[in-house]
Amino acid sequence: FATLTPEFAAEQAASVDGALARGERLGPLAGVPVPIKDLAEVAGLPFEAGSVVLRGTLAQSTDAVAQRLIDAGSLTVGKTATPEFGFPPYTEPAGRPPAVTPWDRSRGAGGSSGGAAAAVAAGIVPLAHASDGGGSIRIPAASCGLVGHKPSRGLVSTAPSRVSGPGLVSDGVLSRTVADTALGLDVLAPGRGFLAGLEHAPTRLRIGV
């Protein structure tokens, strides 16, 4: 983790408890701890993007992708570590401990979603926000034994917070099961029915190159 946010998560948990007590409809991630990768802002929380240049910065607004996870009832227990601005395929931010795979702590967790992958693989959280340009979900998933799916370009909108790279970067999640990843995508790309789709046997399969 780049930072832990227990007070923030406790406030969110109290809100979920209140909604439950009032009989209100809860989001699909109600009460589930889901950290946000430290390349996405959450208002009032530290935002450093793995760089000493931004050390001590507090976010002034909440990223649209992070907001969808929060609106689904998840608890933001912290911001997960990322290398500087998410560029390297390993997670070793300057002045911070490197993210390592819990299966072998002498080996790295990959990057740039290495902190997210390590947290999920270690069983700290079941689901974590992640993003992928040149392998930033897939490399940590391979390093930590997780499900790593890079959503297709344009599937998960980042508007109006930011413009994704030139068809390169996609936001998604890291998890330990296909079903959890499908649930995460249902939150990030509403109306697609990924989780429900797992109940149906696949028909004709295609390999895209």
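Which residues are buried in H1?

## Helix H1

This model is predicted. In H1, the buried residues are Ala 9, Gln 12, Val 16, Gly 18 and Ala 19. Helix H2 (64-71) is what the buried residues of H1 pack against.

H1 covers residues 6-21, 16 residues in total. From the first C-alpha of H1 to the last, the reach is 22 Å. That is close to the 22 Å expected at 1.5 Å a residue. An α-helix has 3.6 residues a turn, so residues three or four places apart point the same way. After H1 comes Gly 23. The phi of Gly 23 is positive, near 75°.

## The mixed sheet

Three strands form an open sheet in the order E1-E3-E2. The pairing is mixed. Strand E1 (3-4) and strand E2 (36-37) are the edge strands, and each pairs on one side only.

E2 and strand E3 (residues 78-80) run parallel. Two bridges join E2 to E3. Ile 36 stands opposite Lys 79 in E3.

## The antiparallel sheet

Another open sheet of three strands has the order E4-E6-E5. Here the pairing is antiparallel. The edges are strand E4 (127-132) and strand E5 (147-148), each pairing on one side only.

E5 is joined to strand E6 (residues 170-175) by two bridges, and these strands run antiparallel. Val 147 faces Ser 175 in E6, standing opposite that residue. Strands of a sheet pair through backbone hydrogen bonds, either parallel or antiparallel.

How values were computed. Residues numbered from 1 in each chain as written. Predicted model: local features only at pLDDT ≥ 70, side-chain atom pairs only at ≥ 80, totals over all residues. Heavy atoms only, no water. Pairing = 2+ DSSP bridges. Helix = DSSP H or I, 4+ residues; strand = E, 2+ residues; numbered from the N terminus. Expected span 1.5 Å × (residues − 1). Buried < 20%, exposed > 50% of the residue type's maximum accessible area, 1.4 Å probe, protein only. Contact = heavy atoms within 4.5 Å.
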